[in-house]
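Keep the model in view while reading.

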Amino acid sequence: LIWSALDVFKAATNSPFSSTQQLGRLPQFAAVTSMLVFATALSGAFVAGNDAGRAYNTFPKMTDDSWMPPDMFILTPIYRNFFENTGTVQFDHRCLAALTTAAVITQLMATLPKWNQLTKSTKVATTATGFALTAQVALGIATLLLYVPIPLAAAHQCGSLLLLAASLASAHALRSGPLLMASTRRVVLNSTSPISSSSIAGAAVS
């Protein structure tokens, strides 16, 4: 729904003066980042469903001396652990959150060399993704360490939706023409420059 809404909005405000040729594979990477955000949010639903946030309330390690929970694959058949095992579900969510964080940071760093050439919508979406990620990570860690207070848990769930929306907006903007073309910038600059007295005189003579 978010992507379709962005398509409609883009069609209504579409400018022919945009290009993706100079970005290489960044649009594709942004799409992968959005998929990671979605997968992390989905894994968070399993954490909530299993009440897994009330276990292993330490960070960054899951226990005082281990990065992984004990008995990760105690259930049979083994696939049940990824949906019903409290430790495994939370471990999956942590790993996906770390991957998503790394992906978003990489995407932000990759856009910096082209920042001055990005369209306003691309800048806004990319910046919003960075802020949403920061808030979401902070909320997730705080929710875990404070033993899942309801207000923080609810804010964390809402944050996942905001982060997903921001990442989709960023991927959409990068895919659909985030760079102002050099020729277009020259046209805009020329059209807004003051008319010289010589050009007025020339026009009068002709």
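Q: Is arginine 54 buried, partly exposed or exposed?
A: This is a predicted model. Arginine 54 has 33% relative accessibility. Buried means under 20% and exposed means over 50%, so arginine 54 counts as partly exposed.

Q: Which residue forms a salt bridge with arginine 54?
A: The closest N and O atoms of the pair are 3.3 Å apart. A salt bridge needs a side-chain nitrogen of Lys or Arg within 4 Å of a carboxyl oxygen of Asp or Glu. The partner is aspartate 51.

Q: What is the phi of aspartate 51?
A: Aspartate 51 sits in the loop between H2 and H3. Its relative accessible area is 43%, so aspartate 51 is partly exposed. Aspartate 51 is not a glycine, yet its phi is positive, at about 55 degrees.

Q: How many salt bridges does a search of the whole structure find?
A: One joins aspartate 51 and arginine 54. Another joins the side chains of arginine 80 and glutamate 84. The search of the whole structure finds two.

Q: What is the N to O distance between arginine 80 and glutamate 84?
A: Arginine 80 is partly exposed, at 27% relative accessibility. Glutamate 84 is partly exposed too, with a relative accessible area of 41%. Side chains of opposite charge can pair when their charged atoms come close. In this salt bridge the N to O distance is 3.0 Å.

Q: Which residue is joined to proline 60 by a cis peptide bond?
A: Proline 60 lies in the loop between H2 and H3. Omega of the cis bond is about 10 degrees. The residue joined to proline 60 is phenylalanine 59.

Q: What is omega for the cis peptide bond of threonine 76 and proline 77?
A: Proline 77 is found in the loop between H2 and H3. A cis peptide bond joins it to threonine 76. Omega is about -5 degrees.

Q: Is isoleucine 78 buried or exposed?
A: Isoleucine 78 is in the loop between helix H2 (26-49) and helix H3 (81-84). Its relative accessibility is 51%. The cut-off for exposed is over 50%, so isoleucine 78 counts as exposed.

Q: What accessible area do the residues of the nonpolar surface patch have together?
A: Isoleucine 78 belongs to this patch. Phe73, Tyr79, Phe82 and Phe83 are also in it. Together, the patch residues have an accessible area of about 530 Å².

Q: Which residues does valine 104 contact, leaving aside its neighbours within four places in sequence?
A: In soluble globular proteins, nonpolar side chains tend to be buried together. With those neighbours left aside, the contacts of valine 104 are Thr33, Thr129 and Leu133.

Q: What is the phi of tyrosine 147?
A: Tyrosine 147 lies in the loop between H5 and H6. At 45% relative accessibility, it counts as partly exposed. Its phi is positive although it is a residue other than glycine, and the value is near 65 degrees.

Notes:
Residues are numbered from 1 along each chain as its sequence is written. This is a predicted model: local features need pLDDT of at least 70, side-chain atom pairs count only at pLDDT 80 or more; totals for chains, interfaces and linings use all residues. Side-chain values use heavy atoms; hydrogens and water are left out. Contact means heavy atoms within 4.5 Å. Patches are made of residues with over 30% relative accessible area and no salt bridge: like charges are joined within 9 Å, nonpolar side chains (Val, Leu, Ile, Met, Phe, Trp, Tyr) within 5 Å. Accessible areas come from the Shrake-Rupley method with a 1.4 Å probe; for residues, only the protein chains shown count as cover. Helices (H or I, at least four residues) and strands (E, at least two) are DSSP runs, numbered from the N terminus. Buried means under 20% relative accessible area, exposed over 50%, partly exposed in between (1.4 Å probe, protein chains only).
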